Amino acid sequence: MGTPSQGSAAVAAARVDLCALDLMPVFAKEMVAGGVAGAFSKTAIAPLERLKILLQTRTNEFRSLGVLSSLNKLRKHDGVLGFYKGNGASVLRIVPYAALHYMAYERYRCWILNNCPSLGTGPVVDLLAGSASGGTAVLCTYPLDLARTKLAFQVNNSDQPSSGLKRPKGPPSYGGIKDVFRGVYSEGGMRALYRGVGPTLMGILPYAGLKFYIYEGLKAHVPEDYKNSVTLKLSCGAAAGLFGQTLTYPLDVVRRQMQVQSHVQHDQFGGPRITGTFQGLKVIKQTQGWRQLFAGLSLNYIKVVPSVAIGFTAYDTMKHLLKIPPRENIKSDQGST
């Protein structure tokens with residue numbers, strides 16, 4: 001007699017869970033979908049992400065090495081776990097960043113459609129909404145990105161200095177995210193936690209806008225029967241990431257070098273300290289050569305293809321699993337309230 005009651009209790013619990021999902025606000029579902037997509041895509045390419053940072057900031061050690069040789073050299077000095085150094089901070093940053101980014105994109109898009117009908121419903125809306133959402137997410141999560149970069153920048157020295165990776169003089173050694181926050185804050189207060197945010201915003205605004213512009217634009221021209229194809233979504237996401245990153249990559253190099261430089265008058269290459277976006281572009285070109293502005297770009301192509309493609313595909317999949325209504329329905333519902 002106990003079995004039927006237990007079965008009915010399980011059914012009731014399942015109904016409660018289903019009702020809880022239905023009662024969950026749309027914006028909250030979008031944040032969950034974005035956070036999961038961001039964590040999944042970021043972890044998948046963590047080794048390439050760390051190597052890209054080292055290529056951007058350690059010219060002498062990795063200038064003559066290819067991708068495979070650089071990964072092998074990194075493994076010898078830091079081990080397999082070294083590929084994921086800084087990934088904890090990266091995931092901790094990317095979950096709220098991606099959650100805010102995707103959710104804000106959907107909210108900004110709805111707001112533009114409801115309040116700026118003259119812009120129409122085409123890719124221009126995606127460009128503006130993507131740019132605004134990227135800036136919003138960056139401002140909210142930038143200190144975590146700074147911590148991730150500083151942790152990834154560190155490489156363990158070997159016992160033989162001549163054969164190991166030489167760490168530049170000046171930058172302190174950090175033991176974790178809290179240690180980074182404590183050290184950076186004591187160095188320059190809250191302003192130091194946002195060092196490099198200028199180049200970041202200048203890079204993320206066009207990149208985020210172009211990313212959504214290209215992805216949504218390509219999807220809009222796909223026949224209805226193929227719009228749910230995973231391969232198609234991966235292809236559209238890859239194209240969006242490649243195009244956007246190529247145009248904004250030098251700004252990313254300036255941002256990374258601003259983040260890892262110590263609070264001294266000169267940087268590790270003997271040039272003046274980078275204090276701004278355009279000044280940073282000029283300093284890097286004069287002291288390190290214009291090629292340094294594109295250091296790690298080939299690796300970034302390898303990284304961006306799976307990262308953006310997986311991110312967009314995972315987000316669309318999570319939207320389906322969480323039963324997020326189509327954008328047209330969200331727009332009409334908000335317009336009627």
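A quick word before the views: a helix here is a DSSP run (H or I) of at least four residues, and helices are numbered from the N terminus. Keep in mind that the model is predicted.

View 1. The secondary structure comes to 13 helices and zero strands. If you walk along the sequence, the pattern is simply α-α-α-α-α-α-α-α-α-α-α-α-α. The chain has 337 residues, and 49% of them are buried.

View 2. Is Leu 119 buried, partly exposed or exposed? Its relative accessible area is 35%, so Leu 119 counts as partly exposed. Leu 119, Val 124 and Leu 128 together make a nonpolar surface patch of about 220 Å².

**View 3. Helix 9 has a bend in it.** Helix 9 covers residues 197-220, which is 24 residues. From first C-alpha to last, helix 9 reaches 33 Å, close to the 34 Å expected at 1.5 Å a residue. Where does helix 9 bend? Look at Ile 204, where the bend is about 25°. A proline, Pro 206, follows within four residues of that spot.

View 4. Take a look at Cys 116 and Cys 236. Cys 116 is partly exposed, at a relative accessible area of 23%. Cys 236 is buried, and its value is 5%. How many disulfides does the structure have? To count, a pair of cysteine sulfur atoms must be within 2.5 Å, and by this rule the count is zero.

View 5. Side chains of opposite charge can pair when their charged atoms come close. Searching the whole structure turns up eight salt bridges, and here is one of them: Arg 182 with Asp 179, at 3.7 Å from N to O. Arg 182 is exposed, with a relative accessibility of 55%. Asp 179 is partly exposed, at 28%.

**View 6. Glu 187 meets Arg 195.** This is another salt bridge, and its closest N and O atoms are 2.7 Å apart. How accessible are the two partners? Glu 187 is partly exposed, with 27% relative accessibility. Arg 195, on the other hand, is buried, at 10%.

View 7. The closest N and O atoms of Asp 252 and Arg 255 are 2.3 Å apart, and the two form a salt bridge. Both residues are in helix 10 (residues 230-260), and because they are three residues apart, about one helical turn separates them.

**View 8. Lys 323 has a positive phi.** Most residues other than glycine have a negative phi. Lys 323 is not a glycine, yet its phi is positive, at about 60°. Where does Lys 323 lie? You'll find Lys 323 in the loop between helix 12 (297-321) and helix 13 (327-336). Lys 323 is partly exposed, at 48% relative accessibility. Now look across to Asp 22: it is 301 residues away along the chain, but the C-alpha atoms of Lys 323 and Asp 22 are separated by 8.0 Å.

View 9. Thr 287 is part of helix 11 (residues 277-288). Its relative accessible area is 34%, so Thr 287 counts as partly exposed. Pro 272 is 15 residues from Thr 287 in sequence, and their C-alpha atoms are 8.9 Å apart in space.

Key
Residues are numbered from 1 along each chain as its sequence is written. This is a predicted model: local features need pLDDT of at least 70, side-chain atom pairs count only at pLDDT 80 or more; totals for chains, interfaces and linings use all residues. Side-chain values use heavy atoms; hydrogens and water are left out. Patches are made of residues with over 30% relative accessible area and no salt bridge: like charges are joined within 9 Å, nonpolar side chains (Val, Leu, Ile, Met, Phe, Trp, Tyr) within 5 Å. Accessible areas come from the Shrake-Rupley method with a 1.4 Å probe; for residues, only the protein chains shown count as cover. A salt bridge is a side-chain nitrogen of Lys or Arg within 4 Å of a carboxyl oxygen of Asp or Glu. Buried means under 20% relative accessible area, exposed over 50%, partly exposed in between (1.4 Å probe, protein chains only). Helices (H or I, at least four residues) and strands (E, at least two) are DSSP runs, numbered from the N terminus. The expected span of a helix is 1.5 Å times one less than its number of residues. The bend at a residue is the angle between axes fitted to the seven residues ending there and the seven starting there.
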